[in-house]
Amino acid sequence: MVMTTATAAVFPWRDEYSVRIPEIDSQHKVLIRLINDLHAAMLQGKGKDALSAIVNELVRYTESHFAFEESLLQKRNYSGLAAHRQVHRDLTRQVYELREKVQAGKLTITMEVMTFLKDWLANHILSQDQAYAREISR
């Protein structure tokens, strides 16, 4: 895996990403690291080489993070859990599709993965996850 220490992180962790649940924040930092690793690999001209490993890690991340998050939200009786689960299913499907494209050699442009990850960060963590954070922290 590419280390992001040699280059500036394209997405440094910012307080606004925090849902104020340490375990979930820690898991979200993994997604940010994946974005930064892919960006660093692209800057070094090694994006294609890093792509398969990053997508495989993204699949593992998706499965474990979503299971953990949904379990926690169920325990805390989050009112929007059903809709949140559906968003997770949609994101999981997209991650599996990315992996299939990479494995079939149909995805060599790492910008597609980069855009997917950035959109995930912007749309899911900053809106969907912040919604449950506001409700369950009351």
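Trainee: Which residues in α1 meet which ones in α2?
Mentor: On the α1 side they are E23, I24, Q27, H28, V30, L31, R33, L34, D37, L38, A41 and M42. They meet G47, A50, L51, I54, E57, L58, Y61, H65, F68, E69 and L72 in α2. Contact here means heavy atoms within 4.5 Å. The helix names come from DSSP runs numbered from the N terminus: H or I of at least four residues for helices, E of at least two for strands.

Trainee: Good. And what kinds of residue are in there?
Mentor: The contact of α1 with α2 divides into 14 nonpolar, four polar and five charged residues. Nonpolar covers Ala, Val, Leu, Ile, Met, Phe, Trp, Tyr, Cys and Pro; charged covers Asp, Glu, Lys and Arg; the others, Gly among them, count as polar.

Trainee: Before I go on, what sort of model is this?
Mentor: This is a predicted model, in which local features need pLDDT of at least 70 and side-chain atom pairs count only at pLDDT 80 or more, while totals for chains, interfaces and linings use all residues. Residues are numbered from 1 along each chain as its sequence is written, and side-chain values use heavy atoms, leaving out hydrogens and water.

Trainee: Thanks. Back to the pair: at what angle do α1 and α2 pack?
Mentor: About 170°, with the axes 10 Å apart. Axes are lines fitted to C-alpha atoms, for helices over the stretch in contact, and angles between N-to-C directions run from 0 to 180 degrees. α1 and α2 are therefore roughly antiparallel. The cut-offs are under 35 degrees for roughly parallel, over 145 for roughly antiparallel, 65 to 115 for roughly perpendicular, and oblique for the rest.

Trainee: Which hand does the crossing of α1 and α2 have?
Mentor: Left-handed. That term applies if the near helix is turned anticlockwise from the far one by less than a right angle; clockwise would be right-handed.

Trainee: How do α2 and α3 pack?
Mentor: Helix α2 (residues 47-75) and helix α3 (residues 81-103) pack at about 165°, and their axes are 10 Å apart. By class, that contact has twelve nonpolar, eight polar and five charged residues. The crossing of α2 past α3 is left-handed.

Trainee: New topic, the core. How many residues are in the largest nonpolar one?
Mentor: It has 27, and those with the most contacts inside it are L58, F116, L117 and W120. α1 (22-43), α2, α3 and α4 (110-136) each supply at least two residues, and the largest share, eight residues, comes from α2. Such a core is a set of buried Ala, Val, Leu, Ile, Met, Phe, Trp, Tyr and Cys residues joined through side-chain atoms within 4.5 Å.

Trainee: What does L58 touch?
Mentor: Not counting residues up to four places away in sequence, L58 touches L31, L34, V95, F116, L117 and W120. There is also a second, separate core of ten residues, which includes L72, L73, A133 and I136.

Trainee: You listed V95 there. Is V95 buried or exposed?
Mentor: V95, in helix α3, counts as buried at 1% relative accessibility. Buried means under 20% relative accessible area, exposed over 50%, and partly exposed in between, with a 1.4 Å probe and protein chains only. Setting aside neighbours within four places in sequence, V95 is in contact with L58, V59, T62, F116 and W120.

Trainee: What about T92?
Mentor: T92 also lies in helix α3 and is buried, at 16% relative accessible area. Beyond neighbours within four places in sequence, T92 is in contact with T62 and F66.

Trainee: Last one: where does N77 lie, and what is its phi?
Mentor: N77 lies in the loop between α2 and α3. Its phi is near 55°, a positive value in a residue other than glycine. At 63% relative accessibility, N77 counts as exposed. R20, in the segment before α1, also has a positive phi, near 65°, and R20 is exposed at 55%.
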